[in-house]
Number of protein chains: 2
Amino acid sequence: MEPQAAARSVFYVSDGTGITAETLGHSLLTQFEGVRFKQARIPFVDTPEKAHAVIRRIEDAGRSDGARPIVFTTLVNPELAQMVHAADALCLSFIETFVAPMEAELGVQSTHTVGRSHGSIDTSDYKNRIEAINYTLAHDDGVTDRDLETADVILVGVSRCGKTPTSLYLAMQFGLKAANFPLIPEDFDRGRLPGSLEKHRGKLFGLTIQPERLAQIREERRPNSRYASLENCRNEVREAEKMMKREGIRWLDSSTKSIEEISTTVMQEVRLDNRVF
Amino acid sequence: MEPQAAARSVFYVSDGTGITAETLGHSLLTQFEGVRFKQARIPFVDTPEKAHAVIRRIEDAGRSDGARPIVFTTLVNPELAQMVHAADALCLSFIETFVAPMEAELGVQSTHTVGRSHGSIDTSDYKNRIEAINYTLAHDDGVTDRDLETADVILVGVSRCGKTPTSLYLAMQFGLKAANFPLIPEDFDRGRLPGSLEKHRGKLFGLTIQPERLAQIREERRPNSRYASLENCRNEVREAEKMMKREGIRWLDSSTKSIEEISTTVMQEVRLDNRVF
């Protein structure tokens, strides 16, 4: 057996939460197959003292790995960014790298202000997000048909096809009021959508799922039940798709998609938001 | 009055959802005060045809603005990235820019694979996230004290101090099982934590809030109620803080913090996850 190479240390360093640095850094790491990484996110690095402590950690890791760590930063403060850049590591800065070309393009100096992306809680954006989360929780799983006229989107589909996580993501990330309604055997027997949805047809979006995957998900919640049986799942999915087709509801198969991908597709299809085209 | 400069068009272009490009691009834009931007996210650009359509949109916007658009991309496919880069715009690539220095550092070629960051739904990460969301929804607002031993963190605090959005974010973004319990007047009268929390003291984290802000939030939900009155909010917050201090529960004032900042601090303090230090 060949000796396995040691994992390379990766640090996400930010004066904010570091979540953006981690997300983008992570997608860069996935471009390198077969390399093992040890990752650490270090948030709120907003003083020279904290920057010194981070540099020590980075360099300690490098000595112990026998290889330079990779450091992704979203440090906005130029002094702190410069300090961390001087560490013995490959330091890649997601802010600094792009500020200079933007300054040249816009003919304006940047303000180098920390923490603007997630830091301003008094904006109407932020209030919208909290309101949307409350709305979405109150309109999960068809618990009420009150105030559906204020919904931005109403997701429909069989139980456990991904409506709740998608609704919550739309609310949390985009401040959208997302209600969701299950399509249940009673609806299929009547051959009609739940009554309160009729007049909101323009906001409806369907999720469907492969019956095999649905059975697997339901089996974890209710082992050996009829609800989870493959036969029942096949039947429900077929009936739900038939209904959506008949009612002219656009839909998406969620089986192989992440919450982010489903949410983005919903926004595109329902034209919820002029930020997405 | 001076004529106001036209808004500059900004595009977030990705072969995935474009959410990362938008988040990072947005934090770059906030570095430029006084410049107005019109933003559009264009997801799923994964064929040359779609890239051509995007280029037309970018260049149309530039002509209509009378200024080059700014384009932030996370395109992974080098062919598509090159096409978009040739558009008449300032094109800043969050992937391409960093792949080359990483290849040099690691001594490995990148795989240029699309959509890895949000695209792999069969990983255990993804399953954890969905499980965590389900757990968090089932353990919102103290509805049950079942299975608290499997919680990663239990948030406590007065009603409407931010426990629910924080719990959901911890679940959605980090796959953490986050329960939350309200601290209510009955708890203050008894002078003790809700009984079921006693044995989970190590997982408890408190949120507090400025009484003025709490009154404002509660007023929107129950106008002119005793619940929302400033006097009652002051009293509840004082009692809750007294209890958390007495019980040795770490806490944070959520008043001026975003959900992301609160969540990151909770993870740091409860040492929930070795990705955050």
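Modeller: A residue is termed buried under 20% relative accessible area, exposed over 50%, and partly exposed in between, with a 1.4 Å probe and protein chains only. This is a predicted model, in which local features need pLDDT of at least 70 and side-chain atom pairs count only at pLDDT 80 or more, while totals for chains, interfaces and linings use all residues. Residues are numbered from 1 along each chain as its sequence is written, chains are lettered from A and ligands numbered from 1 in the order written, and side-chain values use heavy atoms, without hydrogens and water.

Biologist: Is Cys233(A) buried or exposed?

Modeller: The relative accessibility of Cys233(A) is 0%. By that value, Cys233(A) counts as buried.

Biologist: How many disulfides are there over all chains?

Modeller: A disulfide requires a pair of cysteine sulfur atoms within 2.5 Å. For Cys233(A), the nearest cysteine sulfur belongs to Cys161(A) and is 11 Å away; for Cys161(B), it belongs to Cys233(B), also 11 Å away. Over all chains, the number of disulfides is zero.

Biologist: Where does Cys161(A) lie in chain A?

Modeller: The unreviewed UniProt entry includes Cys161(A) in a "binding site" feature; such annotations may be inferred rather than shown by experiment. Cys161(A) is buried, at a relative accessible area of 2%. Leaving aside residues up to four places away in sequence, Cys161(A) touches Leu207(A), Ile209(A) and Ser254(A) (contact: heavy atoms within 4.5 Å). Its place is the loop between β5 (153-157) and α7 (163-174).

Biologist: In chain B, which residue is the bridge partner of Phe11(B) in β3(B)?

Modeller: Strands are DSSP runs of E (at least two residues), helices of H or I (at least four), numbered from the N terminus, and two strands pair if DSSP finds at least two bridges between them. An open sheet of four parallel strands runs β2-β1-β3-β4 in chain B. Within this sheet, β1 (residues 8-13) pairs with β3 (residues 70-73) over four bridges. In β3(B), the bridge partner of Phe11(B) is Val71(B).
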